[in-house]
Amino acid sequence: MKYSKRVQNLPPYLFVQISKKIAEKRAKGEEVISFGIGDPDIPTPAHIIDRLCQAARDPVNHRYPETEGLSELRRAIAQWYKQRFGVSLDADKEVLPLIGAKEGIAHIALCFIEAGDVALVPDPGYPVYSIGTMLTGGESYYMPLKAENDFLPDLDNIPVNVLNRAKLLWLNYPNNPTGAVADLEFFNRAAEFARKHDIAICHDGPYTEVAFDGYQPVSFMQAKGAREVGIEFHSLSKSYNMTGWRIGMAVGNAGMINALMRMKSNLDSGIPQAIQQAAITALSGSQDCIKEHNDIYQRRRDRVIETLRKIGLEAKPPGASLYIWAKVPQGYTSVSFSDSLLEQCNIVVTPGTGYGPNGEGYVRLSLTIPDVMLEKGIAKLMQWKKKV
Ligand SMILES: *Cc1c(COP(=O)(O)O)cnc(C)c1O
């Protein structure tokens with residue numbers, strides 16, 4: 001057998017090395033606590049699961065779904081955008097349900113990128129933006145996200161020869177992994193930049209509902225001219241603890257939505273309809289669960305920040321997202337500090353370099369860890385000692 005270059009070039013899975021060490025420790029009977037993975041620990045709210053079970057019993061939902069999703073789901077998405085962001089969307093032309101945002105994020109590259117084309121990608125960033133680009137034969141230009149710029153990319157600093165080849169600009173706020181947020185003014189500037197340079201914007205916004213201290217993140221679709229230049233990916237995964245059910249959406253520019261729909265109609269056969277029904281209930285039912293979950297995450301955020309400071313790490317409390325982006329102590333790299341936490345305290349964190357070279361000097365801690373485990377983890381973290 002001969003595998004394609006495409007497969008050979010896929011980077012090794014971020015956690016291979018760490019997983020091996022965890023397995024070794026667990027085999028010795030040691031308890032390892034992981035702050036590594038961003039996957040809500042709280043179950044999907046009961047009213048959503050009730051609808052899912054009921055819909056699963058209806059034979060109407062046992063057959064192939066349509067790629068474009070149920071009309072009622074597209075309408076529920078448009079209605080949710082109207083209520084939450086004041087943005088009006090055409091449910092037939094500007095809304096496309098997805099099998100999770102990740103699926104659409106990977107597939108949109110097929111609609112834009114050819115060999116030699118460039119995608120502008122945040123560094124650190126969610127790995128799928130650059131992998132989707134690589135799989136289509138394109139190149140990623142990494143835009144550094146730096147603390148001194150509040151983890152926003154400096155769009156004016158991108159070289160002209162790169163801009164000339166750029167087809168897509170990826171943005172993600174509230175941001176994974178840095179926890180940074182963007183305001184409407186930044187999105188206005190990005191939309192203007194995209195129009196000027198004829199680049200399509202893909203904004204990835206799965207964390208707009210995970211926010212703290214009463215803060216309400218904005219949508220890229222609220223920006224001036226947004227629907228002329230781009231789309232926004234969103235997801236029910238983080239808003240409603242539905243990562244296991246795989247449902248998300250893309251909204252915005254009608255041409256881009258249509259291109260993605262045509263591509264997808266040749267690749268997949270839609271989202272199981274019972275899950276679409278559950279999504280309708282999530283989006284149009286009571287939104288109380290969002291505040292309840294955010295209160296839990298906020299308490300965890302404060303506990304972790306407090307602990308990190310006690311052991312001498314610098315970390316700002318994030319205004320949104322599920323992550324704390326903490327600076328490693330002097331004398332350590334992202335990887336050596338992660339190793340030290342695992343060796344000394346049986347704690348797993350993600351090295352910042354797993355999200356790109358500009359993640360060096362940071363580690364990411366996820367807040368999706370049940371309270372009992374979190375408290376155990378905090379007690380273990382307190383044992384950490386800088387090596388001398
Ligand atoms: C979790 C996450 C997604 C994926 O969401 P799904 O809808 O579960 O595929 C996309 N982008 C970012 C930045 C994420 O953290």
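## Contacts along the chain

In this predicted model, 74% of the chain's contacts with a separation of 6 or more are between residues 24 or more positions apart. Buried residues account for 53% of the 388 in the chain.

## Overall dimensions

How does the radius of gyration fit the expectation for a compact globule? A globule of 388 residues would come out near 21 Å, and the chain has 21 Å, so the two agree.

## Surface and charge

On the charge side, you will find 44 positive and 43 negative side chains. The centres of these two sets lie 4 Å apart.

The chain holds 14 helices and 12 strands. Among its strands are E9, E12 and E11, which form an open sheet of 3 strands in that order, with antiparallel pairing. Strands E9 (323–327) and E11 (350–351) are at the edges; each has a single partner strand, so one side of each has no neighbour in the sheet. As a reminder, strands of a sheet pair through backbone hydrogen bonds, either parallel or antiparallel.

Let's zoom in on one pairing. E11 and strand E12 (residues 362–366) run antiparallel and are joined by 2 bridges. Which residue of E12 is the bridge partner of Pro351? That partner is Val363.

How values were computed. Residues numbered from 1 in each chain as written. Predicted model: local features only at pLDDT ≥ 70, side-chain atom pairs only at ≥ 80, totals over all residues. Heavy atoms only, no water. Helix = DSSP H or I, 4+ residues; strand = E, 2+ residues; numbered from the N terminus. Rg over C-alpha atoms; globule rule 2.2 N^0.38 Å. Buried < 20%, exposed > 50% of the residue type's maximum accessible area, 1.4 Å probe, protein only. Contact = heavy atoms within 4.5 Å. Lys, Arg positive; Asp, Glu negative; His and termini not counted. Charge placed at Lys NZ, Arg CZ, Asp CG, Glu CD. Pairing = 2+ DSSP bridges.
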